[in-house]
Amino acid sequence: ADVGLDDFCWLASSFAAMVVKTDVCAYSGLRIYPGHGIFYVRADQKSFKFINRKSKSQFLQRLNPRKIAWTQLYRRMHKKGTMEESTRKKTRKVSKATNKAVVGMTLDVIKAKRSQKPEVRAAAREAALREIKERNKAKQAAKKAEQKTKAPPQKQQMPKSKASKASGKPKGVRR
């Protein structure tokens, strides 16, 4: 019954090296140490281990652990307590522009247009816009000429009963 210093050191080191087998709560995701927790077996023979009665109760009420703030699922889903883990910077994916031929234009034509000076490109654009406007004016003129050649539509006359009501005096004055 006499315990020496050597025995005490050996006893302390054995506790430090001892690994404890822990379970995980089926609802909250917290660690359950040996001798703790509630073991629940459902009618379909599926078993669950809960850390306490609160977790079991909420599980049986079918409350979603992703919506309960103190559960591990909620914390993981809402990125709580992950600051220490994610110290590495996120690198952005850089997309390299590749030159490809487009329908109606070959790669050579695209390169030639890109190498043109901006003034030349702007002049070509203005010329194209001017041409489009002239075409639209010609269309409008053709439409107007076509409408002039057509006979103007006759106005429809209202039936006599409606015309007399519209032109007649009101029968009574409402106040």
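**Entry 1: Arg-42 and Asp-44**

I began with Arg-42, which counts as partly exposed at 31% relative accessibility. I kept in mind that this is a predicted model. Next I looked up its salt-bridge partner, and found Asp-44. The closest N and O atoms of the two are 3.2 Å apart. Asp-44 is partly exposed as well, with a relative accessible area of 48%.

**Entry 2: other salt bridges**

How many salt bridges does a search of the whole structure find? I noted 4.

One of them joins the side chains of Asp-23 and Lys-49, at 3.3 Å from N to O. I checked where the two sit. Asp-23 is in strand S1 and Lys-49 is in strand S4, residues 47-50, so the pair ties together parts that are 26 residues apart in sequence. I read a relative accessible area of 27% for Asp-23, which makes it partly exposed. Lys-49 is partly exposed too, at 24%.

I then moved to helix H5, which spans residues 118-149. Glu-131 and Arg-135 both lie there, 4 residues apart, or about one turn of the helix. Their side chains meet in a salt bridge of 3.3 Å, N to O. Glu-131 is partly exposed at 46%, and Arg-135 is partly exposed at 49%.

**Entry 3: Ser-28**

Is Ser-28 buried or exposed? I found it buried, with a relative accessible area of 0%. Ser-28 sits in the loop between S1 and strand S2, residues 31-32. Its side chain reaches the backbone nitrogen of Leu-30 at 3.4 Å.

**Entry 4: the nonpolar core**

Which residues make up the largest nonpolar core? I wrote down 6 residues: Cys-25, Tyr-27, Ile-32, Phe-48, Phe-50 and Ile-68. In soluble globular proteins, nonpolar side chains tend to be buried together. Not counting residues up to four places away in sequence, Ile-68 touches Tyr-27, Gln-58 and Tyr-74.

I looked up Val-20 in particular. Val-20 is in the loop between helix H1 (5-17) and strand S1 (23-24). Its relative accessible area is 40%, so I recorded Val-20 as partly exposed.

Terms used. Residues are numbered from 1 along each chain as its sequence is written. This is a predicted model: local features need pLDDT of at least 70, side-chain atom pairs count only at pLDDT 80 or more; totals for chains, interfaces and linings use all residues. Side-chain values use heavy atoms; hydrogens and water are left out. A nonpolar core is a set of buried Ala, Val, Leu, Ile, Met, Phe, Trp, Tyr and Cys residues joined through side-chain atoms within 4.5 Å. Buried means under 20% relative accessible area, exposed over 50%, partly exposed in between (1.4 Å probe, protein chains only). Contact means heavy atoms within 4.5 Å. Helices (H or I, at least four residues) and strands (E, at least two) are DSSP runs, numbered from the N terminus. A polar contact is a pair of N or O atoms within 3.5 Å; within protein, one must be able to donate a hydrogen and the other to accept it, and residues adjacent in sequence count only if both atoms are side-chain atoms.
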